[in-house]
Amino acid sequence: MANFSKTTPGSGGDLDSEFHSLTEYLMTTLKDQELTVLMSQMALACKATSRACAKAGIANLFGMAGDQNSSGDDQKKLDVLSNDIFVNALLKSGSCCVLVSEENEEPIIVPEKDAGRFCVCFDPLDGSSNIDCNVSTGTIFAVYEKKTPGKLGSVADVLRVGSDIVAAGYCMYGAATELVLCFKGQSVQRFALDPSLGEFVHTHSNVTFPSGGGKKIYSCNEGNFPYWDQPIKDAVTEFKAKKYALRYVGSMVSDVHRTILYGGVFVYPADSKSPKGKLRVLYEGFPMALLVECAGGKASTGMFNGSVQRMLDLEPTHVHERCPVILGSPRDVDFILSKYN
Ligand code: AHM
Ligand code: MG
């Protein structure tokens, strides 16, 4: 059996005779058939979405679909297609009872005959503003185990603290397609899609933030500076004085991926225009917070509803609720939070 606790070199090239796949990882480490099937279907949907993004130009998939999503944002063709891909794959898995998607106003309650133990909250294609100009986008997801009695799931199964999440991950559709995963109590793992094999190949174990905080990078939409509270303004002003670099893709998956690998901090704070911030708790804030914490980082809301809170301690009351996000290396998150003292 492969030892997934050690860092393995990138593999899966045409001449390699030994590599470890996501399928092997799931089957040998999870010991839970229903969760394995769920994650396999999730990976299949990521591959199909990756293919759709790669072919968008030639398949006429750029542009608007002509409708709006749960938050009133205009939907793009790829938003709609990727949502259909994930909903269909997860419904067919037989392991889900509730699905919450950014693209669906109401949670999908899976009929009893097809229902399983898990609830999945996901943003099928995050970073919509980047779709048409071919900048990286991504899928973000969190998995909960059903807690209410009976086979039929309910919204109460997903409106709970983030620390109840049993698995979280994101798939980045960039120069390469990468899947980054974390199961509760386990370390963060990276897989890259080998298109010629059609399989996610294991590339890195025990992904952690660089020691000491890593590169000095802050990542935020600084155009919102005038609307931030004073502690966030002070922190960003000091980052500049300390010669931090500003890096901001505008796709949460890319910005968080870089933050975990290189270090620094990603911030989407509350502001006077959006007092709850922009990003959604269930399928943006929570899964990223779990991954960041599992990688040795910190995730906070900053000042929110009167106190500075660990993000995973929030208890949302609505499936599309938003929260401010401050996540990254302890060095930089603690520095920002110290401004609230
Ligand atoms: P979306 O779900 O509509 O794509 O919005 C979420 C995205 C995140 O990926 C990103 O961090 C943020 O919105 C960027 O927002 P802004 O354009 O305000 O900087
Ligand atoms: Mg989104």
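**Notebook: the interface between domain 1 and domain 2**

I looked up the contacts across the domain boundary and found 46 residues of domain 1 touching 31 residues of domain 2. I note that the model is a predicted one.

I checked the bounds next. The domain assignment of the protein chain places domain 1 at 5–207 and domain 2 at 211–338. I took the centres over C-alpha atoms and recorded a separation of 23 Å between the two domains.

I then turned to the buried area. Between domain 1 and domain 2 it comes to about 2,900 Å², and carbon and sulfur atoms give 66% of this. I asked which residues of domain 1 lose the most area to domain 2. They are Ile140, Leu159 and Tyr170, which together make up 21% of what that side buries.

I recorded a salt bridge from Glu102 to Arg280, with the closest N and O atoms 2.7 Å apart. I also counted 10 residue pairs in polar contact between domain 1 and domain 2, both residues being at pLDDT 80 or more.

I went on to the strands. On the side of domain 1 that touches domain 2, at least two residues each come from E3 (96–101), E5 (118–126), E6 (137–145), E7 (167–173) and E8 (177–183). I noted that E6 gives the most to that side, with seven residues.

Conventions: Residues are numbered from 1 along each chain as its sequence is written. Chains are lettered from A and ligands numbered from 1 in the order in which they are written. This is a predicted model: local features need pLDDT of at least 70, side-chain atom pairs count only at pLDDT 80 or more; totals for chains, interfaces and linings use all residues. Side-chain values use heavy atoms; hydrogens and water are left out. Domain bounds come from an automatic or database domain assignment. Contact means heavy atoms within 4.5 Å. Buried area is the accessible area (1.4 Å probe) that two parts lose on being put together, summed over both. A salt bridge is a side-chain nitrogen of Lys or Arg within 4 Å of a carboxyl oxygen of Asp or Glu. A polar contact is a pair of N or O atoms within 3.5 Å; within protein, one must be able to donate a hydrogen and the other to accept it, and residues adjacent in sequence count only if both atoms are side-chain atoms. Helices (H or I, at least four residues) and strands (E, at least two) are DSSP runs, numbered from the N terminus.
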